[in-house]
Amino acid sequence: MSAPQIFALPPGVDFPKELVAGLIARQKGQPPEAMARIRLYLNSGRMVRRVQQEFDRFGTLILPRISLTTDLGQISDVPAAIPPLRRRLELAQLVEGFVARLPDFEAAVGIFGLADSLAKLMAEMQSEGVSIDDIEALDVDETHAEHWRASLGFIRIVARYFDQGADLDSDARYRKLVEALGQRWAVEQPEESIIIAGSTGSRGTTADLMQIVAALPNGQIVLPGFDFSTPPRVWNSLDSGAIPIEDHPQYRFRALCERLKISPADIAPWTAVRPVDPARNALVSLALRPAPVTDQWMSEGPKLGEVGRACEGIALIEAPDPRSEANAIAVVLRDALEQGLSAALISPDRLLTRRVAAALDRWGIRPDDSAGEPLHQTAPGRLVRHVAAAMGRPLTIEALLILLKHPLVATGSAIRGDHLRLTRDLELHLRRYGPAFPTPAALTKWADKRPEDRSDWTAWLATILPLFDQPPIAPLSVHLEAQLDLVSRLCSGPNGQIEASELWLDEGGAECRSIMQQLQDEAGFGGEISLSDFADLLSQLLKGGMVRRAQIVHPKISILGTLEARAQGADRVILAGLNEGVWPAVPAPDPWLSRKMRLEAGLLLPERQIGLSAHDFQQAIAAPGVVLSRARRDAEAETIPSRWLNRITNLIAGLKANGGEEALKDMRARGDRWLEMAQRLEERREDVPPAKRPSPRPPVEARPRELPVTAIKTLIRNPYEIYAQRVLRLRKLDPVQAQPDARMRGMTLHKIVELYVRGQPEVEEPAAGVTRLMGIAEHVLAEDIPFPSAQRLWLARLRRIANVFVAGEAERRHRGAPVIVEEKGSVSLQNANFILTAKPDRIDMCDDGTVQIYDYKSGQIPTDKQIAHYDKQLLLEAAMAARGAFSQIGPRETSGMTYIGLGADAKVQAVNETLETVEQAWAKLGKLIARYFQPEQGYTARRAMMKSSDASDYDHLSRLGEWELSDLPEGEEGT
């Protein structure tokens, strides 16, 4: 035949089904073995599986030879491709040297991120037939930024990878294979028929192969999703301007026709099958017209007829948030099963598809997810990433617990249960007592408390911790060996074996082990890298892997990527995540070539990927039943509808004479129905009344019989907190990772002051006092605070007030000598079986036999009104001193009570006894305690908070938010 045999199937047709039907129809009357003389090239693995399934429906047949377009076999003249990882590591070394000279060149991307983008550029050059000479010919004048001139200069360095003798990567080898086939078939035509089906020719090398096959007398091309209704003027508009309109869904076919020197009218239907809904296809085709010809909406829109007919198979879900969208989609899929229909969810948003899969799990429905599970999210992938991220830096409590609690750690040991129990015990110890960066010595000290139970486990852990201390820069092989050794030791467990562990057992482990083996094989090409780059490399390698688990899935429910829309033949299709930036995705920026440079070189423009996504969308929306779905808001802000969804809804709404407004309203009503059903699933089955403001009244014998003076303020302001702490014995769990917060600063400053006061001589020069104070501070901070920045900051703050503080201490020393420093005392109340305790910061004995009480404040000093109403600490300590609570001094009258500020102004403030005397405070305490020993007195939540915004650690327990501060408390007996 003189003209190429180019065929196509329209959108909305089950492409694999009709492809097979057309093949069998063309073989009618031929002997059975004639089918074996057909070589069928398909575009994806899923398309291959679907075509094979369709052949099975026809019973026993001799099948054609089926393979992928990228699998052209072996040709003796074309050597095998080198591993992709090797080229990636080689490029990373070049990029590292380049970035070292230009550190501002895409610094945030990272070395391997830049290497990956460079590898993609090289692959694109190979695929599109762009040589390094084409890049050299680019005119980079003064109008280009220095960034592009520098990147172009660097690309010239990688020109050696395009030399004739250079090792071939997979894309270069693919082009060589296609060229070799073209040369072979030009001399000797293949005896078998060659058919390429399912590809749009979006890759340059694949388009070359299609061009070669189309030139064969027995070669055929079958295109997917070809819009036969597109008029010639639209085809002509796709490349009429200076820049081709590559974001149109049919642009690739226009480009292919130009390559094959045919017009779109020369493309014939592969079979006589009609689309499911031609009216809908016409509506979508008009909506997606190129921007320069959208004026045709006005002229051709009214010719579409009744729009409601074209839209009756479409539902539009506009969910308020992604969770609601996922739940509604799950309901749509469940409903399809109830009706015996097959359904497919198509979306590029993997987070959304995982949410849908989780929502389906409530009914025990496990969909067939074509993408599988990302390798970096599997248990082996997470462990490998955690270990790599922890190497070369001090191991924090958080990082240690993440490793110890990992489900694969210690699985090679027989004491996995003991491991989890000891991990829990160690966690509680470290969270309460530290250190912030656990060391073998700290672990051994903890183990010595119960050596019979902890010694072996701690010894195993103590041998692992030093291994995290690795050199910051070393050969890749050294980092990899250390990382694998750490992973093996962790998974083996105490006295265990790595072979007995579960590290490499399941599909995720096998895939992870394969990647690690590849990295070991190619590590010699990686050179020396930093630990941070090593962790980044591992993370990117694992993110590129997917795991498909061998599990029973529902045969009628599928989750597909956008490319796989060509291979699906479901009765109901959900197009989800239809927001701008998601579908279509924002094209990844190219750090190496500008848009203008790419256009001049003949490389792909960002619109190419958008056009391919538009083509996938056009095919998927033509299915029998369609649900379009988006969330109006994501986690950050309001979202923008996908440009295709925007065009379709705008066109429909504008066709008022054709019933467009009603059609759009009905589409949204059908979508709202799914949202309402999903919302009902989330509703509570029973109405739970809001909690009352609690005021529990536990039995008198269960109420606390001892409190420190610092807790009296809490008893006045928030009695419920005393109830939770002292009756229920609930304590706030210490944070996993200690932070240099106000509490730690206060404890540190008190320790510094205590050491200073205890070591203060009778006579000391101010300068010597400042030197001694700062020396103590440096020692305490270095010993207790493992945060260098906090050490410097707190030391600088203390240095600013050192002179004032030392002068004040000298003056206080003249008035009396310290006799009690951070020592505990207690006294019983006469009219109640109750003990009040205190641990004063400092009590000085004066010459007249009275005492002075001091309290050091790292925060704000309480005001006179606060002291009068609830901050009774110093008044009560004075009352305790008068009653002999401190054995070192016996009963003593107090001549003064003073707060000493350790803040920026080093403020000193005496307690004003004119508002309330010591004896008055003591009498009020007696009444307060006696009141709480009466059965009818409850511990009211937030009784007299200073501010309504003040938070308590027990607000969630009292269910604050279900009641108001103006509500009367409601007591509960016996609680």
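Q: What is the strand order in the open sheet of five strands, and what kind of pairing does it have?
A: In this predicted model, the open sheet runs in the order β19-β22-β23-β24-β25, and its pairing is mixed.

Q: Which strands stand at the edges there?
A: Those are β19 (816-820) and β25 (908-910); each has a single partner strand, so one side of each is left without a neighbour in the sheet.

Q: And how many degrees are neighbouring strands turned against each other?
A: On average, and with direction ignored, neighbouring strands of this sheet are turned by 30 degrees against each other.

Q: How many bridges join β24 to β25, and do they run parallel or antiparallel?
A: Strand β24, which covers residues 894-901, is joined to β25 by three bridges, and the two run antiparallel. As for individual residues, T898 has A910 in β25 as its bridge partner.

Q: Switching to β2: is it enclosed or open, and why?
A: Strand β2 (residues 38-42) is largely enclosed by the rest of the structure, because five of its five residues are buried. I38, L40 and L42 point one way from β2, while R39 and Y41 point the other way, and all are buried.

Q: Which strand do five bridges join to β2?
A: That is strand β4 (residues 193-197), which runs parallel to β2, and the bridge partner of I38 in β4 is S193. Strand β3 (residues 65-68) also pairs with β2 in the parallel sense, over four bridges, and there L40 stands opposite I66 of β3.

Q: What about I221, buried or exposed?
A: I221, which lies in strand β5 (residues 219-223), is buried, with a relative accessible area of 0%.

Q: What does I221 touch?
A: Not counting residues up to four places away in sequence, I221 touches Q5, I6, F7, I196, M210, V213 and A214.

Q: How far apart are I221 and H814?
A: From C-alpha to C-alpha they are 103 Å apart in space, and in sequence they are 593 residues apart.

Q: Which residues touch the most other members of the largest nonpolar core?
A: I135 and W592 do, in a core of 85 residues. Leaving aside neighbours within four places in sequence, W592 is in contact with V95, F98, F105, L114, S117, L118, L121, W148, S151, F154, I155 and M597. A second, separate core has 49 residues, including I712, I820, A941 and Y954.

Q: Now helices: at what angle do α17 and α18 cross?
A: The axes of α17 (residues 397-404) and α18 (residues 416-433) cross at roughly 170 degrees and come within 11 Å, which means that α17 is roughly antiparallel to α18. On the α17 side the contact is made by I397, L400, L401 and L404, and on the α18 side by H419, T423, L426, E427 and L430. By class, that contact has six nonpolar, two polar and one charged residues.

Q: How are α25 and α26 oriented to each other?
A: Helix α25 (residues 606-620) and helix α26 (residues 643-654) pack at an angle of about 55 degrees with their axes 11 Å apart, and they are therefore oblique to each other.

Q: Which residues make that contact?
A: I610, S613, A614 and F617 contribute from α25, and R643, W644 and I648 from α26. By class, the contact of α25 with α26 has five nonpolar, one polar and one charged residues.

Key: Residues are numbered from 1 along each chain as its sequence is written. This is a predicted model: local features need pLDDT of at least 70, side-chain atom pairs count only at pLDDT 80 or more; totals for chains, interfaces and linings use all residues. Side-chain values use heavy atoms; hydrogens and water are left out. Axes are lines fitted to C-alpha atoms, for helices over the stretch in contact, and angles run from 0 to 180 degrees between N-to-C directions. Angles under 35 degrees count as roughly parallel, over 145 as roughly antiparallel, 65 to 115 as roughly perpendicular and the rest as oblique. Contact means heavy atoms within 4.5 Å. Ala, Val, Leu, Ile, Met, Phe, Trp, Tyr, Cys and Pro count as nonpolar, Asp, Glu, Lys and Arg as charged, and the others, Gly among them, as polar. Two strands pair if DSSP finds at least two bridges between them. A nonpolar core is a set of buried Ala, Val, Leu, Ile, Met, Phe, Trp, Tyr and Cys residues joined through side-chain atoms within 4.5 Å. Buried means under 20% relative accessible area, exposed over 50%, partly exposed in between (1.4 Å probe, protein chains only).
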